[in-house]
Amino acid sequence: MTNGHAVLRKWHLFLTHKDVIFLKATGVLDDSSTYPLYYASRDCPFIIGQGFDCLRNGRPDKNYLKYRWKPSTCDLPRFDGGKFLERNRGKKVMFVGDSISNNMWQSLTCLLHQCCPKLKLHLNNSNKATFCVLISGIWNLNHVVENGFLVDLVHDKEKGRILKLDTISTGDQWKGVDVLIFNTYHWWTHTGQSQTWDYFQVGNEFIKEMDHLEAFKIGLTTWAKWVDSNIEPSKTRVLFQGIAASHVE
């Protein structure tokens, strides 16, 4: 099995297999001094956007800061930023996707900043679509903000916004990293005014209406083929994060 399709198959098993221990879990309240792992207002300069700082925005309760993920058959160890950095010394980690990827990228940079505050973290926002944190000149954490689909979304003067389900033109910026973490789903389900495209395109065919999940399947297959053709599994680890279970009917 090739790399991209292997990732999709594993993701499918995670959604359907009832005995996956990490998903068969719940959030439990932990009153120990080890939680929260960081305070957004006090501990992290990398929170981009006011919407991600609940305390600063006036949320009155604080119990949500003490929750941790508890699988039904085991205990997960507390995140150790020092071990994470040591395992990934000299490596590049990249998140690619929509705002969920952005949230994960911000959270990871905050976790690392909190565990190792003496490390020099430099945020480089060279353009609106790319953020890079360089940690002590050794580690790179990148977030590439795509259009939320992974496949191409282009603008045509006559037809407007076209979601091209079978092409990826931005993949070169995903190459040359050690860990790639992809995410897409949320924007595929939008309809009406919140829909961000006017036509689907497959090959030379323009499609005004089609089932959005079928379009999602075609787009993911395009992404998987791109991974198979461009990523060497022995050099780059590819992860795919789909959707929260609460979003599945």
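How much of the accessible surface of the protein chain belongs to carbon and sulfur atoms? Of about 14,700 Å² in total, the share is 52%, with areas worked out by the Shrake-Rupley method using a 1.4 Å probe and, for residues, only the protein chains shown counting as cover.

## What you're looking at

This is a predicted model, where local features need pLDDT of at least 70, side-chain atom pairs count only at pLDDT 80 or more, and totals for chains, interfaces and linings use all residues. Residues are numbered from 1 along each chain as its sequence is written, and side-chain values use heavy atoms, with hydrogens and water left out.

The protein chain has five helices and twelve strands; these are DSSP runs numbered from the N terminus, with helices being H or I of at least four residues and strands being E of at least two. Of its 249 residues, 38% count as buried, meaning under 20% relative accessible area, while exposed is over 50% and partly exposed is in between (1.4 Å probe, protein chains only). Take the contacts (heavy atoms within 4.5 Å) with a separation of 6 or more: 70% of them come from residues 24 or more positions apart.

## The cores

The largest nonpolar core holds 28 residues. A core here is a set of buried Ala, Val, Leu, Ile, Met, Phe, Trp, Tyr and Cys residues joined through side-chain atoms within 4.5 Å. Leu 163, Trp 174, Leu 180, Phe 182, Trp 188, Phe 200 and Trp 223 have the most contacts inside it. Two or more residues each come from β3 (92-97), β9 (179-183), α5 (212-230) and β12 (237-241), and α5 gives the largest share, seven residues. There's also a second, separate core of nine residues, with Leu 85, Phe 95, Trp 105 and Val 179 among them.

## Strands β3 and β9

Five of the six residues in β3 are buried. β3 runs parallel to β9, and four bridges join the two; strands count as paired when DSSP finds at least two bridges between them. Across this pairing, Val 96 stands opposite Phe 182 of β9.

Ile 181 also sits in β9. It counts as buried because its relative accessible area is 12%. Beyond residues up to four places away in sequence, Ile 181 touches Val 93, Met 94, Phe 95, Val 96, Met 104 and Leu 239. Leu 239 is 58 residues from Ile 181 in sequence, yet their C-alpha atoms are 4.7 Å apart.

## Helix α5

From first C-alpha to last, the 19 residues of α5 reach 27 Å, close to the 27 Å expected at 1.5 Å a residue; that expected span is 1.5 Å times one less than the number of residues. The buried residues of α5 include His 212, Phe 216, Leu 220, Trp 223 and Trp 226.

## Two loop residues

His 190 lies in the loop between β9 and β10 (199-202), and its 13% relative accessibility makes it buried. Its side chain makes a 3.2 Å polar contact with that of His 186. A polar contact is a pair of N or O atoms within 3.5 Å; within protein, one must be able to donate a hydrogen and the other to accept it, and residues adjacent in sequence count only if both atoms are side-chain atoms. Leaving aside neighbours within four places in sequence, His 190 contacts Gln 195, Trp 197 and His 212.

Leu 150 is in the loop between β6 (139-145) and β7 (152-156). Most residues other than glycine have a negative phi. Leu 150, though not a glycine, has a positive phi of about 75°. Leu 150 counts as buried too, at 2% relative accessibility.
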